[in-house]
Amino acid sequence: MSDNPEELKDSRIFTNNMATLWHDTAWGLTRVSYRVYIWHYNNLGTKARIAVTVGNASTTSKLKIENVRWQLSSEIPNNRDFLTGSGLCLAKAQLGGTLDSTTPVDSVVESNRLGIVKEFEISNGYVRGAVLEFDIASSDNSEMLYKVRTVAANSSTANFRNHQGAPVTSDGTHPRGSWSFSDLVGNKITFNLGSGRQSVNISNGSTDNLFTAGSSYDSANALDNKGHYGANYTVNVDLNNNTDSDKTAILYLNARGGTYIGAVRVNNGTTYGVPKISQLTGAVKIHQVLVPKRSTVPVKVELAHGGGGAMPVALLCEVV
C-alpha cells in the first residue's frame, strides 16, 4: 500500500531525486505473491515517475519476477473527477480480476542488484493510481532475501536501480503499509426482514480494522489502512424472514463517511462499478431477491473501494 504521502511535493526528502514511498521485505521463502496498490497526487511542479523495485540481497542467487498483471489508471487533473476517472477503474479491475498481463521491466534480478517491476509517470497537477500483482521467486529454490520498494522520482534521469533509501516520513493520515494478506472476509451480517430498514457499516475503522499499522511490516512507519484500499472485501449476508409471508428484500450500498466510489459483485456474478454516491443520502441498489416465509436466503457481497473514496460504507436492507 503506497498511499502516503498521497501528495508528492517538494517538502518530501528526495535523495538523488528519488524517495521511497513504502517498502517491504521477506526472507526464508522461495516464492511470494504481491498485490501493490499505488495512489498519488503529483504536486511537485514537474513530472513524477513511480516505480516498484526489487532489491536482491542474496550474494549467490537470482530472483525471478513472474506473473505480472496490472491496471494503470488514466491521469486525471486534481481539480476534476479523479474518483471516477482513476479510482473507479482500478476498483473494477481489481475486484473483477481483469488486470492486464504485462512484461516486467526486469524479469531477472541478479544477486546484489536492484530490478524494476513496472514504472509509470504522473504529470504535475494530476492524480494517478495502479494495482500491480506479481510473484517473486528464487531461481534455484533457495531461501530469498530481498526488499520491495515503491519509489518516486522528480527527475527524468533518476536511476531507480541506484536507490535503496528508507521511506520518507508520513504526511497526513493516508494509509501505507504491507501485510501478509490482501483480501478479507468481514463479519457476517444478518438482516431480519420485517424489522424495518436496517444498515451495517463496513470498513468502519473499528470492528473490521485488520490492516493495522501494528501488524504491518515496519510498523513504526506504517499507517492503518482502515478503508481496505487494495483489498477485496467479502461480506456474507443472511436475509432472515421469520414472518408468515414472503418478503422481497433489496440491498443497497449507502455512503456514510463522505463521497464513496468502488466496485461490487453479488453471488459471484458480474462486477459493477459503483458511481459516486454522497454521504448519508447517497445509495445504489446492488441486489433484489424474494425471501420465502420462514426461510433464510444467503447473499455473498464482494467489494473493492476506489481510491479517494470515503469510508465507512453501509450495507442497507429494506423490504418492499
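Me: Where is the place of Asn-67, in a strand or elsewhere?

Reply: In this predicted model, Asn-67 has its place in strand β5, which covers residues 63-72.

Me: What makes the phi of Asn-67 worth a remark?

Reply: Most residues other than glycine have a negative phi. Asn-67 is not a glycine, and yet its phi is positive, at about 50°.

Me: Why is Asn-67 called partly exposed?

Reply: The relative accessible area of Asn-67 is 44%, and since the term buried requires a value under 20% and the term exposed a value over 50%, Asn-67 falls in between and is therefore partly exposed.

Me: Why is Val-68 called buried, and where does Val-68 lie?

Reply: Val-68 lies in strand β5, and because its relative accessible area is 4%, against a limit of under 20%, Val-68 counts as buried. Leaving aside neighbours within four places in sequence, the residues in contact with Val-68 include Asp-100, Thr-102, Pro-104, Val-117, Leu-132 and Phe-134.

Me: Why is Ser-11 called exposed, and where does Ser-11 lie?

Reply: Ser-11 lies in the loop between β1 and β2, and its relative accessibility of 51% is over the 50% cut-off, so Ser-11 counts as exposed. Ser-11 and Ala-57 are 46 residues apart in sequence, and their C-alpha atoms are 31 Å apart in space.

Me: Why does Asn-240 count as buried?

Reply: Asn-240 has a relative accessibility of 16%, and because this is under 20%, Asn-240 counts as buried. The place of Asn-240 is in strand β15 (residues 232-241), and, apart from neighbours within four places in sequence, Asn-240 is in contact with Thr-190, Phe-191, Asn-192, Leu-193, Ser-295 and Thr-296. The C-alpha atoms of Asn-240 and Gly-194, 46 residues apart along the chain, are separated by 9.1 Å.

Me: Which residues does Phe-14 touch, and where does Phe-14 lie?

Reply: Phe-14 lies in the loop between β1 (7-8) and β2 (18-27), and, not counting residues up to four places away in sequence, Phe-14 touches Lys-9, Ala-19, Leu-44, Ala-152, Ala-153 and Asn-154. For Phe-14 and Ala-152, 138 residues apart along the chain, the C-alpha atoms are separated by 8.5 Å.

Me: What makes the bond from Met-311 to Pro-312 a cis peptide bond?

Reply: Omega of the peptide bond from Met-311 to Pro-312 is near 0°, and the bond is cis. Most peptide bonds are trans. Pro-312 lies in the loop between β20 (295-305) and β21 (313-319).

Me: Which residues touch the most other members of the largest nonpolar core?

Reply: Of the 47 residues in that core, these are Val-237, Leu-239, Leu-253, Tyr-260, Val-301 and Leu-315. The largest share of this core, 5 residues, comes from helix α1 (residues 82-96). A second, separate core has 31 residues, among them Val-32, Tyr-34, Leu-132 and Val-148.

Me: How do you know that the radius of gyration of the protein chain agrees with that of a compact globule?

Reply: For 320 residues, a compact globule would have a radius of gyration near 20 Å, and the protein chain has 21 Å, so the two agree. Along its principal axes, the C-alpha trace spans about 70 × 45 × 35 Å. Buried residues make up 54% of the 320 residues, and the secondary structure comes to 1 helix and 21 strands.

How values were computed:
Residues numbered from 1 in each chain as written. Predicted model: local features only at pLDDT ≥ 70, side-chain atom pairs only at ≥ 80, totals over all residues. Heavy atoms only, no water. Helix = DSSP H or I, 4+ residues; strand = E, 2+ residues; numbered from the N terminus. Rg over C-alpha atoms; globule rule 2.2 N^0.38 Å. Buried < 20%, exposed > 50% of the residue type's maximum accessible area, 1.4 Å probe, protein only. Core = buried A, V, L, I, M, F, W, Y, C linked by side-chain atoms within 4.5 Å. Contact = heavy atoms within 4.5 Å.
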